[in-house]
Amino acid sequence: YRGITIKLKFHNQLKIPYFLRTEYSEENLLFWLACKDYRKITNKTEMTLAAKRIYAEFVQVDAPRQINIDCVTREEISENISQPGTNCFDRAQRQIYGLMENDCYPRFLKSEIYQSLLEQQ
């Protein structure tokens with residue numbers, strides 16, 4: 001994930017979160033960042049609470065910011081959410097990373113938002 005992390009840090013200043021909101025795909029970045037923070041948790045109780053928050057916000061069907069992952073991954077997370085480990089969301093995070101890298105990020109680079117930023121430099 002290192003490559004996209006560098007890109008996201010750079011483009012965070014260049015309005016990529018705003019662009020994702022306009023494209024109705026902000027949930028991808030928010031999920032990816034939530035998983036990144038989740039992996040840093042060491043306390044089991046905090047990990048369980050954080051996992052349930054991520055699940056409720058992004059993973060469960062009809063979640064407020066439901067991410068687009070395959071049904072096998074969604075079911076796997078659902079089955080393990082009561083006793084989550086540090087890698088609970090890894091598969092989903094990889095899918096979302098791929099979606100951002102291959103869809104959202106290239107669209108951002110072609111967007112008027114990005115082009116206007118380039119013109120300002």
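A crossing is left-handed if the near helix is turned anticlockwise from the far one by less than a right angle, and right-handed if clockwise. I am working from a predicted model, where local features need pLDDT of at least 70, side-chain atom pairs count only at pLDDT 80 or more, and totals for chains, interfaces and linings use all residues. Residues are numbered from 1 along each chain as its sequence is written, and side-chain values use heavy atoms, without hydrogens and water.

**Helix 3 and helix 6.** I looked up the crossing first. Helix 3 passes helix 6 left-handed. Helices here are DSSP runs of H or I, at least four residues, numbered from the N terminus. Residues 26–38 form helix 3 and residues 90–110 form helix 6; they pack at about 140°, axes 10 Å apart. Axes are lines fitted to C-alpha atoms over the stretch in contact, and angles run from 0 to 180 degrees between N-to-C directions.

**Phe31.** I then listed its contacts (heavy atoms within 4.5 Å). Leaving aside neighbours within four places in sequence, Phe31 touches Ile54, Phe58, Val59, Ile67, Phe89, Ala92, Gln93 and Ile96.

**Asp62.** I found Asp62 in the loop between helix 4 (44–59) and helix 5 (71–80). Its phi is positive, about 70°, although Asp62 is not a glycine. Most residues other than glycine have a negative phi. Asp62 is exposed, at 68% relative accessible area; exposed means over 50%, buried under 20%, partly exposed in between (1.4 Å probe, protein chains only).

Technical notes: Helix = DSSP H or I, 4+ residues; strand = E, 2+ residues; numbered from the N terminus.
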